[in-house]
Every structure is written in structure tokens, then in C-alpha cells.
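The report below goes through a structure by topic, beginning with a single loop residue and then widening out to whole chains. Please keep the sequence and the 3D view at hand while reading.

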Amino acid sequence: MELILEGILKAIALLVSLDPEVLGITSLSLKISGTATLISLFLGVSTGTVVALTRFPGRKLVVSLINTGMGLPPVVVGLFVTIFLWRNGPLGFLQILYTPGAIILAQAIIATPIISGISLAAMQNLPANLRLQILALGATRLQMTWLLIREARLPLLAAVMAGFGGIISEVGASIMVGGNIKGYSRVLTTATVMETGRGNFDVAIALSAILLLLAFLINYLLTRIQQRERPR
Amino acid sequence: MTAAGPLLQVRNIVVKRGGITVLDIPDFRIERGEVLSLLGPNGSGKSTLLLTLSSLLKLHQGKLIFKGREIDSRRSELEYRRQIAVVFQDPLLLDATVLDNVASGLKIRGMEKTDRLRIAAEYLERLGIAHLAKRSASKLSGGEAKRTSIARAFATRPTILFLDEPFSALDPPTREALISDLTRILRETDTTAAIATHDQMEALRLSDRMAVIQQGKIAQAGSAEEVMNHPVNEFVASFVGMETVLTGRVLENHNQNRMMIAVGDREIEAVGNFPSGEQVLCCIRPENVTLSTDSPEEHSSARNNFSGRIVRISPHGLFYRVDLDCGFELISYITRISLDSLALREGRKVKASFKATAVHVIRKST
């Protein structure tokens, strides 16, 4: 009990004193996961929109693959990214294994299907005739697509947050492809794993508290969005 | 060249859904300045026809011709859609303010912000919803949302306005107010319009011309008066409110335009020129059948007078529907005052009269 209490007190002290190492790790985590989310946002919303608005042979298979991808195990992604980026792997020439770039790549692979899947559902949940109504207003195909994305902007924001939430708290891939190098590729989750292993519970608790705070913020915003109504 | 001829014309169109033909129309026209009703029951294909006329549906066959030019490419479709407007059954508003919704069609056309907001504000005013301009579309009542979607359609100043069941799902006072406002704005703006509805009274109030749709085909098209009083078949007759439809046989065609028709063991006199022996349908509007409790032939100038027994009296909007057994089934609508003054009740014997001209005769299809 004392151990936990002491850990929490020390963690508070670390947070309040704005410990440079904790801040550094947090800032790097936000940068890496933020960049990966931006990449996934572009890829995921495009894929989701195209699959939602078009009909083609094998569409159901694509939808199933996207939905399966939403639950992609990070360690599996980590393994394959490691293999691809390995010195003599297909993308070995990039020489980015054990760099933040490798983590961004792995996290983007994890987040893209999450954002695609939620975008797809969001676009499909718009009223069936809305597309026709927008065309009837004189819109070109491009204007229609843009307006539909705008109409689904709140669920799309939810998709972004779900993607970000999924990767900021992910550890398996980050540790495998980033290597947890101090001050370079050490992020909130990998640092927590390491500090716990070393018995530095105060730092681990401080890092966890930041993760929990992020998770809370994301879920709070998601709930607010989900409870908003669409026009008739 | 483009001034003459119909504003919009369809030729030999066939629309299929899941391999089944849902629309099959050889020729149909919308003329400049007219208000046309597409009348039909649910599932008859009137909404499909409306979507087809607005080029929102893929044709499996046939042509859509606007101002003499065929709409046959994406470019011509877009040009056409920028000259029309469609009001769907659901308001389908965008997640924005009422003002921005009404201006959205103009924004899509690339109109400058100050101009489009000025025009949008004008149509909000016309539809009596100016006070809602800044409100979010997600916070509107059903009637307000409908008005917003109608204002959005008018704001683009369409050459043709298509409306799909514009008054469905509205409570009676809201509906009444919207019908009279729409009639006024259509007249003020001289807009050509096509309105899909299943309600004959709506169609009668709004339109110059009617087209009755039956299973994806146009059963009859013509002036409102013509369709209401001279339906071409039993389906149209019952759909436009000819409550009594009796099967009979022409007995004799005694002078120029009068004939006697046997209906069971009774005889009905009607106007028309069908050969003796012909199987026909006699259609009678309920408001043309008068009831009295006097002895027969006393006051009535009508040629058809029958004694009958009241089978059922049921309220029907502002009227009462009286079902009679006169040896054949006859339906009459009367007012509450008449019901009381004649002291009508179920089981009572009454006299029913209708003029020979009130009987619309159709050849019975075999």
C-alpha cells in the first residue's frame, strides 16, 4: 500500500514540477502519434468515403477487410514493419528502423483501418437520399463528396480520435520498431513498460496518469459528439 | 427554336430495379408554367418518375429532353440540374443554419456570399421562416424543416420544381398553411412544378393537370377536371374518389346520347353512347348522390331515383359517408346538418337520387 501511495505522491511531484524527461517523452509521443493520425486521417477518410459511395465487385470483401483491420494486433504490425525495415528487408534502404519515423509508419498502419472503418460507417449512416438531394442542388460529384464529408464531420472527428486513442496507448509496435531509445524514440507507453520493469513506479505512475488523462479527454469529446443530433 | 414545344419531355423511358421494370412511360410532357400532379398510391412509381424527371436516376432505356435538347451526358445532366430543384419527402437539410441551408444551392452554383444570403433571406421571408434564419437545422420542427427545404428549392429560381409528397407527415393545420403558401408562391413566381402525391384533394387544389400512375405506367393524364370526372378505368375512378363503381350492361341506347344500363335487377340512366349489350362500369361520385326521406320522384329532377336502406353511416372528414343498399351498393356523402335534419340512422329507408350526367360510364376491360 505504501509503495502505491509513495509512487502516486512522487508522480504528482514529477508532474507539478514539470519534470523535463516526462515532458520530453509526452511531447515526443504527441508528435509521433499526431503525425501518424494525420497520415491515417488522409488515407482512412479517403478509403472510407470511396468504399461508402461506390459499388464495385468485391466491395463486401473490402469492407470485411477494413473491419478486420480495425482490430489489428499492434505486435503483428510491429513484427511486419520490423521485417520490412530490416537492413536487408524490402524497405531496408530507407534505414528508418529504430527511429521515430518507424513508429509513425507502424502507428499509421494501425490507425488507418480504424479511421477507414469509422468513416465508412459514418458516411453510410447519412440519410440515403442526401446524396441525391445534394446532386439535385446542382452539385458536381466533387462538390457532393466534399459536402457529404462535411455532413459526416462529427463522426469523422470521432474516427480521428479513436485512431489517435488507439495508437497513443499502443506499446507493442512502438517498442519493436522504435527501440525505446532515450530522448529519441521513447514514448509514453514504452517508457512506462521500462520504468515499471526497473521498479521506478513513481515515473511509471506519472506517465500512466498522462495517458489516462489523454484517454479521458478523447472519450469525453467522443461522448459529446455522439450525443449531438443531425438535422431531419 | 427552344421556345416552342414542351419544357420537359420523356420518350420511351424504362427504369428497372433488381431486374424488375418499375417505370415504363412511352411519352410524357411537362409544359411551361403548369403545375402538374403525379397522383398514385404508395409504390405506384410516382417518386421514381420524379427522380427520373430530375435526372437523378439511371435510365435503362429512353430519353429525357429539356427545352428541346436531350440530356445525355454528365455535363448536360449537371446543366439541367442547375435549372431545376427537387424537394424530397424528407427535408434532407445540411448540418448548418437555416439561412445557410437555403443559400446552399446558390453556393454550389458559385454565387457570391452577399448575393446568395440576400436571396436566401428573401425566400425565408416568403415562406414565413425569417425568424429561424440563424437557427441550426438540427433544431427545427417537422413543419419548419419542410419550409426550409422548400425555401432552399425556390431560392435557386428553378425552371422546374419537383416536389415529392411535400405535405406528408405534417399535422393538419401545418399542412393547410403550407399548401396555401406553396400555391401562392408558385403563382407569384410563375414556376413550373411537378408534385408527386397520393392525395387527390392535394392534387386538385394545387395543380392544373394530373397524371395518375398505376404500377409504373401512366394510367391517365389530363386536366384536373377531366381526370376527376372522366376517369378512363376502374383504378383511376376509385383513386380519384368515385366511391361507387358498378358493373352493368347497356340495355338500349335509345336516343342520341342517353342509355339505360342494367345493374343487377335495377336500371340506371346515364349519358353516353355505348352499343347495346356492352359490359360497362358506372362510376358515381358520392357528393353527387342526394338523399331524402320524401316519397320518390316528389322533388327530384334527377333521372335516377332509388329506394334504399342505410347500411352504415361513418364520419369522413367534414362529411358523413352513408353506405346504401339500393339493390346495388351506393355511397353518398352528406353534411352533419343534413344527417340531423333527415334524422338518418342505420337501417332506415331513404330515397337516393343522382342525375344521368353524374354517372360516368367506362367500357369494362376484359
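Arg157(B) is partly exposed, because 15 other C-beta atoms lie within 10 Å of its own; a residue is called buried if 20 or more other C-beta atoms lie within 10 Å of its own, exposed if 12 or fewer, and partly exposed in between, with C-beta atoms placed from the backbone. The model is a predicted one, in which local features need pLDDT of at least 70 and side-chain atom pairs count only at pLDDT 80 or more, while totals for chains, interfaces and linings use all residues. Residues are numbered from 1 along each chain as its sequence is written, and chains are lettered from A and ligands numbered from 1 in the order in which they are written.

Arg157(B) belongs to the loop between α5 (142-155) and β7 (160-164) of chain B, where helices (H or I, at least four residues) and strands (E, at least two) are DSSP runs numbered from the N terminus. Its phi is near 50°, a positive value in a residue other than glycine. Most residues other than glycine have a negative phi. Ala343(B), likewise not a glycine, has a positive phi of about 50°, and its place is in the loop between α10 (336-341) and β19 of chain B. Ala343(B) counts as exposed, because it has 8 C-beta neighbours inside 10 Å.

## The sheet of chain B

Strand β19 of chain B also takes part in an open sheet of five strands, which has the order β15-β19-β16-β17-β18 and antiparallel pairing; two strands pair if DSSP finds at least two bridges between them. The edge strands are β15 (290-292) and β18 (329-334) of chain B, each of which pairs on one side only. From one strand to the next the twist averages 45°, with axes being lines fitted to C-alpha atoms and angles running from 0 to 180 degrees between N-to-C directions.

Strand β15(B) pairs with β19 (residues 349-354) of chain B in the antiparallel sense over three bridges, and within this pairing Leu291(B) stands opposite Ala352(B) in β19(B).

Chain B has 10 helices and 20 strands, and its C-alpha atoms fill a box of roughly 75 × 45 × 40 Å, taken along the principal axes. Of its 366 residues, 40% count as buried.

Chain B is divided into domain 1 (8-238) and domain 2 (242-363), with bounds that come from an automatic or database domain assignment. The centres of the two domains, taken over C-alpha atoms, are separated by 38 Å. Their contact takes eight residues from domain 1 and six residues from domain 2 of chain B, two residues being in contact if their C-beta atoms, placed from the backbone, lie within 7 Å. Helix α9 (residues 234-239) of chain B gives the most to the domain 1 side, with three residues.

## The largest nonpolar core

The largest nonpolar core has 159 residues, and those with the most contacts inside it are Ala106(A), Leu38(B), Ala194(B) and Cys282(B); such a core is a set of buried Ala, Val, Leu, Ile, Met, Phe, Trp, Tyr and Cys residues joined through C-beta atoms within 7 Å. Helix α5 (residues 100-124) of chain A gives the most to this core, with 15 residues. Domain 1 (8-238) and domain 2 (242-363) of chain B both give residues to this core, so it lies between them.

Leaving aside residues up to four places away in sequence, Ala194(B) touches Ile30(B), Leu36(B), Leu38(B), Leu50(B), Leu53(B), Ile160(B) and Phe162(B).

## Helices of chain A

Gly34(A) has its place in helix α2 (residues 20-53) of chain A and is partly exposed, because 15 other C-beta atoms lie within 10 Å. The C-alpha atoms of Gly34(A) and Ala108(A) are separated by 9.7 Å, although the two residues are 74 residues apart along the chain.

In helix α10 (residues 188-198) of chain A, the buried residues are Leu188(A), Thr189(A), Thr190(A), Ala191(A) and Thr192(A). These buried residues pack against α2, α9 (172-178) and α11 (201-226) of chain A. After α10(A) comes Gly199(A), whose phi is positive, near 85°.
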